[in-house]
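Please read the following report alongside the sequence and the coordinates. It moves from the whole chain to its sheets and then to a few individual residues.

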Amino acid sequence: NARFNAKALAVNVSDLEKKFEAGAEITVETLAKAGFTDNKQPKIKILGNGELTKKLTVNAAAFSASATEKIQKLGGTAEVK
């Protein structure tokens, strides 16, 4: 993906599992509040490492195929923003 570069922050689905409640909407802002980023890295890539058991709405710059699959399998949404 040409828009994606080394300045992006990688976040695993297992990290989302630990920090967010079911039904949460995850954005750069909510990730910053949870301590993942200081908003100086607005590009987030969600990776599929680990388990996900909650339905989440995730807005990020990019997703790995496995992350998209895990999020959608539980009825959640993976939106590229």
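## Basis of the model

This is a predicted model, in which local features need pLDDT of at least 70 and side-chain atom pairs count only at pLDDT 80 or more, while totals for chains, interfaces and linings use all residues. Residues are numbered from 1 along each chain as its sequence is written, and side-chain values use heavy atoms, with hydrogens and water left out.

## Overall fold and dimensions

The protein contains three helices and six strands, where helices (H or I, at least four residues) and strands (E, at least two) are DSSP runs numbered from the N terminus. Followed along the sequence, these elements give the pattern β-α-β-α-β-β-β-α-β. The radius of gyration, taken over C-alpha atoms, is 11 Å, close to the 12 Å that the globule rule gives for 81 residues, so the protein is as compact as a globular protein of that length; the rule itself is 2.2 Å times the number of residues to the power 0.38. The C-alpha trace spans about 30 × 25 × 20 Å along its principal axes.

## Burial, contacts and charge

Of the 81 residues, 41% count as buried, a class that means under 20% relative accessible area, against over 50% for exposed and the range in between for partly exposed (1.4 Å probe, protein chains only). The protein exposes about 4800 Å², and carbon and sulfur atoms supply 50% of that area; accessible areas come from the Shrake-Rupley method with a 1.4 Å probe, and for residues only the protein chains shown count as cover. Among contacts (heavy atoms within 4.5 Å) between residues at least 6 apart in sequence, 47% join residues at least 24 apart.

There are 13 positive and 9 negative side chains, and the centres of the two sets lie 5 Å apart. In this count Lys and Arg are positive and Asp and Glu negative, with His and the chain ends not counted, and each charge is placed at NZ of Lys, CZ of Arg, CG of Asp or CD of Glu.

## The sheet E1-E3-E5

Strands of a sheet pair through backbone hydrogen bonds, either parallel or antiparallel. Here three strands form an open sheet in the order E1-E3-E5 with parallel pairing, two strands being counted as paired if DSSP finds at least two bridges between them. Its edge strands are E1 (9-12) and E5 (62-63), each of which pairs on one side only. Strand E3 (residues 44-47) is joined to E1 by four bridges, and Leu9 has Ile44 in E3 as its bridge partner. E3 also pairs with E5 in the parallel sense, over two bridges, with Phe63 in E5 as the bridge partner of Ile46.

E2 and E4 pair over two bridges, and Glu25 stands opposite Thr57 in E4.

## Selected helix and loop positions

Ser14 belongs to helix H1 (residues 13-19) and is buried, with a relative accessible area of 17%. Leaving aside neighbours within four places in sequence, Ser14 is in contact with Asn49, Gly50 and Glu51, and its C-alpha atom is 9.0 Å from that of Leu47, a residue 33 places away in sequence.

Phe36 lies in the loop between helix H2 (28-33) and E3. Beyond its neighbours within four places in sequence, Phe36 is in contact with residues including Leu9, Val11 and Leu31, and its C-alpha atom is 9.4 Å from that of Ala10, 26 residues apart in sequence.

Lys55 is found in the loop between E3 and strand E4 (57-60). With neighbours within four places in sequence left aside, its contacts are Ala22, Gly23, Ala24, Leu74, Gly75 and Gly76. By C-alpha atoms, Lys55 and Asp38 are separated by 25 Å, at 17 residues apart along the chain.
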